[in-house]
Structure formats: C-alpha cells, structure tokens
Amino acid sequence: MTNSNQLVGSCTRSRELFDWVSEMAWLTKADRIVWCDGSEQERQRLTELAVATGVLIPLNQNKRPGCYLHRSNPNDVARSEDLTFICTPNREEAGPTNNWMPPKEAYRKLRDRKLRGWLEGSMRGRTMYVVPYVLGPMGSPFARVGIELTDSLYVVLNMRIMTRMGRVALDLLGGSGDFNRGVHCTLDLNPRRRLICHFPQDNTVWSVGSGYGGNALLSKKCFALRIASYLGKKEAWLAEHMLILGVESPHGEVTYVAAAFPSACGKTNLAMLRPPKSLDGWRVFTVGDDIAWMRVARDGTLWAVNPEAGYFGVAPGTSVRSNPNAMEMVRRDTIFTNVAMTPDGDVWWEGMEQDPVDGMLDWQGRPWQNGSGDKAAHPNSRFTAPMRNNPALSPSADHQQGVPISAIIFGGRRASTIPLVFESFDWTHGVYLGSTMGSETTAAANGKVGVVRRDPMAMLPFCGYNMGDYFSHWLAIGGILRRPPRIFMVNWFRKDGDGSFLWPGYSENMRVLKWIVDRARGRVAAEETPIGCTAGSSESRAGTELANRMLLIDKGLGHHLKDSS
Ligand code: GTP
Ligand code: SPV
Ligand code: MN
C-alpha cells in the first residue's frame with residue numbers, strides 16, 4: 001500500500017480527493033491504485049492489458065484501426081432501471097417515479113463490515129483505477145469534475161472516449177473538494193448483487209454488479225443526468241436527455257435545436273443527420289447526441305453545452321443509408337460492445353445493409369447461422385466513439401458558453417395516435433406536451449420492449465428528484481426566459497395497418513427540421529388545431545410527394561380526433 005499511497009499523494013492537490021480515494025481503497029482492499037492521466041501511452045498500455053485479459057478483442061486493424069470488440073456478460077446488456085435507486089433522506093424527494101432507498105440503508109448495504117457490505121474487500125487482488133474527468137467544454141464556466149473509481153478496464157477505456165479524462169480534470173479540480181464521487185465495482189456480475197445508487201445530497205454515485213454502459217460509465221446517466229438534474233434544480237439550470245444540433249440554411253444562417261427522445265428513439269441519428277439531395281444546401285452539425293446542460297443567459301436566452309466528448313450509440317439500424325456520418329465515425333478508435341464479428345475481424349449488426357457473411361460469431365461469440373432467427377448483434381449493442389471522429393461535428397461543440405437554443409423538440413416512439421410534427425402554443429403548453437409524452441419501451445433498458453409508457457421529457461429513468469418538482473422547475477425556467485425557444489412534438493415511428501413505418505425517417509427528417517427552423521425564425525405560417533400548430537398549407541404548397549405525405553400523416557390525426565370527440 002505504501003507504493004499506492006505515494007502515487008495518491010503525487011497526483012492531486014485536493015485533500016478531499018486524496019482522503020476519499022484512500023478510504024475507498026481501504027474499504028475495497030484494492031491491490032493497486034492507478035491514477036489515469038489520459039495520455040496516449042496510457043491508452044496503449046491499458047488496451048494491451050485489456051486484450052491480454054480478454055476484456056477486448058482486437059478487430060481487423062487494417063479495416064478498423066484502433067477498434068476493439070467487447071462482449072459483456074449476457075445477463076448484463078442494458079441499463080437496469082429496476083435496480084437504479086435515488087437515495088435521499090425523504091422518499092418525497094425521490095418522488096413517485098424513482099426507486100427510493102434511504103441513504104443510510106444504501107451505504108450500510110454496500111459498506112457495513114458487520115453486514116458484509118458488498119464493497120467490503122470487493123477489489124481484493126484487483127486494481128482500482130482512479131478516473132478523473134471533466135464534463136463540459138474545457139474552460140467553460142459550466143464544466144464540472146467527476147472522479148470514477150472502477151475495477152473495470154472496459155469502463156476506463158470507455159470513459160477515456162466519453163469524457164475529457166485524465167490530468168486535465170485534476171488540474172481543473174486543483175485543491176477543491178467539489179467533484180462527483182463515483183464508485184464502480186464489477187463484483188461477480190450476479191444480478192442479485194447489482195445496484196446503482198445515487199446520493200444527490202452527497203454528489204455521489206455507487207454502482208455495483210454491472211459492467212454495462214449507463215450502469216457503469218458513471219459520467220453519463222448517473223452524474224450528467226440524475227445528479228446534474230438535482231444540481232440544476234438547486235442552481236436554476238437544466239440537465240436534459242437531449243441531443244443538440246445546428247441547422248445551417250443555404251444562406252449560411254445557423255439555428256440550434258435541442259431534442260429529447262427516450263433511449264433508442266433517434267437522438268444520435270437526428271444529431272448526425274445528413275440532409276437528402278432534394279434539400280441541397282441545408283446542413284446539420286452535431287453539438288451533442290445524448291445529453292444537454294442548459295442555462296438561461298443574462299439576456300433571457302437559453303444556452304446549451306454537451307457535457308460529453310464521445311457517443312455511446314446504438315449499433316443496430318446504423319448503416320451507410322441511415323447514418324453515413326456514424327458509419328464513417330466508427331471506422332477507427334471505436335470500442336464496439338455486443339456486436340457480431342466477421343471471420344476477417346470486422347463488425348456486423350442487423351440493419352447494416354451489408355449481407356451477413358458466412359462464419360460470423362454472434363454477440364456472445366458463438367457461431368451464427370444466417371436465417372436461424374437469432375440476432376447476430378444484441379439489439380442494444382453499441383459503439384463508443386470519440387466525437388472528434390464525427391465528420392458532422394459542429395465547430396461550436398467546444399464553445400465555452402455553448403450554443404443558443406431556438407427550438408426544443410420532444411418525441412417518442414408511437415406506432416399510432418401521435419402525428420409527425422406539431423408545435424405547442426407557448427412554453428407552458430410545450431412543458432405540458434413534454435411532461436405527458438409517451439413512448440414504446442426499447443432494448444436500451446431491461447424489460448419488455450414495445451410497451452407504451454409515460455416518459456416525461458424522455459427523463460423517466462434519469463430525473464434525480466421528484467418528477468413533480470421537475471415539471472415546476474421547467475415552468476420556472478420558462479418564467480425567466482425572455483425569448484423562450486419554441487417547443488415541438490415529433491413522432492418518426494407511426495405505422496400503417498401492415499406494421500410498416502409511414503414516414504421514411506432518417507435523412508428525410510430534415511424536412512421536419514426545416515419546418516421547425518422556419519417556424520422558430522417566424523417565416524412560415526401554421527394551421528392552428530386543438531392540439532397545437534401543424535404544418536398545414538405552407539408545406540402542401542411545397543407539393544413534393546413527401547411533403548404531402550407529411551400532411552397526410554397529420555390529417556390522420558385529424559380523423560382520430562374527430563372519431564374520439
Ligand atoms: P440512446 O443512445 O439509447 O439514448 O438512443 P438514441 O435516442 O440516440 O437513438 P438512436 O439514434 O441510436 O436510434 C435508435 C434506433 O432507432 C436505431 O435502431 C435507429 O436506426 C432507429 N431510428 C433512428 N431514427 C429513426 C427514424 O427517423 N425512423 C426510424 N424508423 N427509425 C429510426
Ligand atoms: C440510454 O439508454 O439512453 C443510453 C445508453 O444513452 S446508456 O448509457 O446505457 O444509458
Ligand atoms: Mn440516451
């Protein structure tokens with residue numbers, strides 16, 4: 001331990017960080033402590049170790065330089081909402097939509113010696129990595145420091161892509177004790193000893209028993225959403241499950257839009273959209289693909305930063321046709337999780353639009369037969385890629401103040417009822433639409449897929465406090481916005497009687513984006529209906545087949561309303 005303690009001492013000027021790391025090392029009885037510096041040498045060293053220990057499988061380095069495959073435990077392939085807890089002194093603070101546990105009970109369960117707490121001695125024989133990271137652009141007044149302690153090499157290497165990780169974070173922290181305290185331990189991956197506990201009052205997250213994505217990369221849903229939403233409520237800002245994009249018109253005018261869709265409902269795809277040929281001259285740039293931190297500026301406008309530095313994106317359905325930018329992005333420096341592997345060491349997944357080749361291994365590493373009915377890639381298989389590799393990355397992605405938001409979009413996955421697009425009458429009505437939003441469940445979380453549930457603002461699994469207070473907070477933010485963004489509802493997922501999508505989606509969503517931008521800039525009229533403003537005559541005048549289809553889908557809703565009234 002002397003050696004590790006020396007290491008501890010030499011790495012931080014923060015007494016509180018030093019004490020906390022020492023305390024956790026003592027609790028978990030980690031054999032070694034490694035402070036991550038974020039350097040390229042470190043990446044190489046840890047990657048070699050991950051390959052040697054079977055954590056990562058090298059892919060074909062000619063085809064995909066710097067790319068690796070990870071196969072997670074088959075019982076650990078998605079977020080576990082039922083094992084995710086908000087631990088506040090009162091149940092009321094967690095609210096009716098969160099699992100709740102008193103902090104004392106959670107801490108006791110995980111660290112009490114007499115009760116053989118799960119973290120006691122949990123890293124014996126293992127290495128504890130200290131992963132310091134920054135959320136938000138470097139130099140931004142909104143940037144925050146987190147430290148994740150983990151015994152998982154996979155987590156370290158993912159965090160390196162997803163955040164600004166290493167020395168930069170310790171430098172930013174300096175002697176301060178203001179950082180998110182994340183403790184992650186893989187344990188034995190027994191689902192009965194799996195728990196993701198958030199302590200908002202302590203700026204702390206303890207996650208045990210899972211090595212998968214949102215359960216284990218504590219910067220993401222745990223800190224940047226659940227804990228940050230709590231901080232946002234206290235400090236008058238918003239932490240949201242939203243992509244951020246910039247739309248550039250043919251005249252070079254850029255409009256920034258934020259959009260909240262539930263997990264696996266199209267954020268990454270919309271954020272990276274490449275417009276269709278028919279809308280020549282329009283361009284979309286990605287600021288963020290999953291999380292937005294938004295503040296009201298002194299002049300009453302809303303500004304957003306993306307706290308992350310990489311994308312943890314859904315693989316299935318990603319193809320040269322649906323998301324060419326993503327396909328380019330994952331050609332290098334990418335960690336794939338639970339995708340299928342071809343005999344020449346490349347990756348494959350359903351919806352890639354490349355025929356599966358013979359001799360593939362499925363996501364569990366078993367020989368896969370085409371036509372067997374089994375999926376080759378897990379439906380929630382993912383890629384972790386640095387945002388720098390995104391050909392559509394916005395030049396504003398690193399702006400310290402973020403970008404000004406002109407429109408907010410809410411959207412769910414709804415086979416029926418909800419039209420393609422409509423606009424709220426005002427902020428309050430928009431908050432109502434977002435808070436009553438429903439969406440069909442997806443493979444991003446454990447449990448049944450395709451069941452409609454309420455998912456307010458796509459935050460049901462991610463709001464770190466009482467959902468009722470969260471709605472009030474949105475209304476209060478509206479009260480201090482002098483120029484509130486317009487709020488829209490979209491649904492790319494309406495189906496016809498045969499179960500086919502009515503709307504082509506993907507690049508064609510640019511048509512809807514264009515209408516939203518034109519509305520936000522006040523240059524196009526809309527039709528007022530009982531539910532909000534719709535793209536009426538103006539779009540049909542455009543006369544294209546798709547514009548008419550857009551209108552037809554909305555007219556479908558008109559009939560629905562008439563039928564039910
Ligand atoms: P998380 O990372 O879980 O938060 O998901 P996300 O919201 O970023 O979803 P993503 O863009 O990764 O899309 C999820 C799935 O929806 C993929 O299989 C996509 O192919 C599919 N999808 C995305 N956009 C569209 C669309 O416009 N139409 C249709 N039909 N499917 C879409
Ligand atoms: C989501 O489920 O919304 C994700 C993936 O973005 S995870 O990080 O696993 O939560
Ligand atoms: Mn997400």
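User: What gives the most to the lining of the largest pocket, and with how many residues?
Analyst: Heads up, this is a predicted model, where local features need pLDDT of at least 70, side-chain atom pairs count only at pLDDT 80 or more, and totals for chains, interfaces and linings use all residues. Residues are numbered from 1 along each chain as its sequence is written, chains are lettered from A and ligands numbered from 1 in the order written, and side-chain values use heavy atoms, leaving out hydrogens and water. At least two lining residues each come from α9 (219-235), α10, β18 and β22 (382-386), helices (H or I, at least four residues) and strands (E, at least two) being DSSP runs numbered from the N terminus. The top contributor is α10, with 4 residues.

User: How many residues line the largest pocket?
Analyst: A pocket is an open set of points on a 1 Å grid over the protein atoms alone, where a 1.4 Å probe fits, with protein on both sides within 12 Å along at least five of seven lines; lining residues have an atom within 4 Å of a point. Nearest its centre you'll find Asn269, Pro316, Gly317, Arg413 and Tyr506. By class, the lining has 18 nonpolar, 18 polar and 11 charged residues. The lining count is 47.

User: Where does ligand 1 sit?
Analyst: Start with its neighbours: 22 residues surround ligand 1, with Ala264, Lys267, Asn269, Arg382 and Tyr506 the closest. Being near takes a heavy atom within 4 Å. Sitting in a pocket takes more than half of a molecule's atoms within 2 Å of its grid points. For ligand 1, that place is the largest pocket.

User: How much of ligand 1 does the protein bury?
Analyst: Look at the polar contacts, pairs of N or O atoms within 3.5 Å. Oxygen atoms of ligand 1 lie 2.8 Å from a side-chain N or O of arginine 382, 2.9 Å from one of asparagine 509 and 3.2 Å from a polar side-chain atom of arginine 413. On its own, ligand 1 exposes 660 Å² (Shrake-Rupley method, 1.4 Å probe). The protein buries 93% of that.

User: Which element gives the most to the shell around ligand 1?
Analyst: The shell divides into 10 nonpolar, 8 polar and 4 charged residues. Two elements, α10 (267-271) and β18 (310-314), each supply at least two of its residues. With 3 residues, the one that gives the most is α10.

User: How much of the accessible area of ligand 2 does the protein cover?
Analyst: There are 13 residues around ligand 2, and the nearest are Arg79, Gly214, Lys220, Lys221 and Ser263. Its oxygen atoms lie 2.8 Å from a side-chain N or O of arginine 79, 2.9 Å from a backbone N or O of glycine 214 and 3.3 Å from a side-chain N or O of histidine 241. Of the 280 Å² that ligand 2 has on its own, the protein covers 98%.

User: Which elements give two or more residues to the shell around ligand 2?
Analyst: Ligand 2 sits in the largest pocket. Its shell has 4 nonpolar, 4 polar and 5 charged residues. The elements that give two or more are α8 (213-216) and α9.

How values were computed. A polar contact is a pair of N or O atoms within 3.5 Å; within protein, one must be able to donate a hydrogen and the other to accept it, and residues adjacent in sequence count only if both atoms are side-chain atoms. Ala, Val, Leu, Ile, Met, Phe, Trp, Tyr, Cys and Pro count as nonpolar, Asp, Glu, Lys and Arg as charged, and the others, Gly among them, as polar.
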